[in-house]
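Work through the exercises below with the sequence and the structure at hand. Try each task before you read its solution.

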Amino acid sequence: MTTNLERGKVVSVIYGPSMGNVGVVIDIVDEKRCLIDGPCGRQIINLKRLELTTIKLEIHNKTTSKDIYYKFLENNILKTWFSTFKGKKTTKENIYRKLYRL
């Protein structure tokens, strides 16, 4: 299965200060970076720090953080993400890190 990077694709951050959070691709800056927004906050991030999912949102060109917030609520994106295997694994890792302060 191949997943392509495109506007509206939901991604998981796998490295950095926002590790374990979910976001949606707003814009592709260049071949190595993209602009994401969501519970991880709006940021330009390297593609090597992201993991693509199969979940996709319909977003427009000039989407605000408020619109993204309502899209996440409307489509139950977080519930869908945390019901997947990778989402459950990420939750367990975050709990472990908080318990042992790693």
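**Exercise 1.** State how many helices and strands the protein has, and in which order the elements run.

Solution. In this predicted model, the secondary structure consists of three helices and five strands. Starting at the N terminus, the order is β-β-β-β-β-α-α-α.

**Exercise 2.** Decide how compact the protein is, using its radius of gyration.

Solution. Step one: the radius of gyration is 13 Å. Step two: for 102 residues the globule rule gives 13 Å. Step three: the two values are close, so the protein is as compact as a globular protein of that length. For the overall dimensions, the C-alpha trace spans about 40 × 30 × 30 Å along its principal axes.

**Exercise 3.** Check whether the length of helix α3 agrees with its number of residues.

Solution. Helix α3 covers residues 85-100, which is 16 residues. After α3 comes Arg 101, with a positive phi near 50°.

**Exercise 4.** Describe the burial, the surface and the charges of the protein.

Solution. Buried means under 20% relative accessible area, and 30% of the 102 residues count as buried. The accessible surface is about 7100 Å², and carbon and sulfur atoms account for 53% of it. There are 19 positive and 10 negative side chains. The centres of these two sets are 8 Å apart.

Key:
Residues numbered from 1 in each chain as written. Predicted model: local features only at pLDDT ≥ 70, side-chain atom pairs only at ≥ 80, totals over all residues. Heavy atoms only, no water. Helix = DSSP H or I, 4+ residues; strand = E, 2+ residues; numbered from the N terminus. Rg over C-alpha atoms; globule rule 2.2 N^0.38 Å. Buried < 20%, exposed > 50% of the residue type's maximum accessible area, 1.4 Å probe, protein only. Areas by Shrake-Rupley, 256 points an atom, 1.4 Å probe, with all protein chains shown as cover. Lys, Arg positive; Asp, Glu negative; His and termini not counted. Charge placed at Lys NZ, Arg CZ, Asp CG, Glu CD. Expected span 1.5 Å × (residues − 1).
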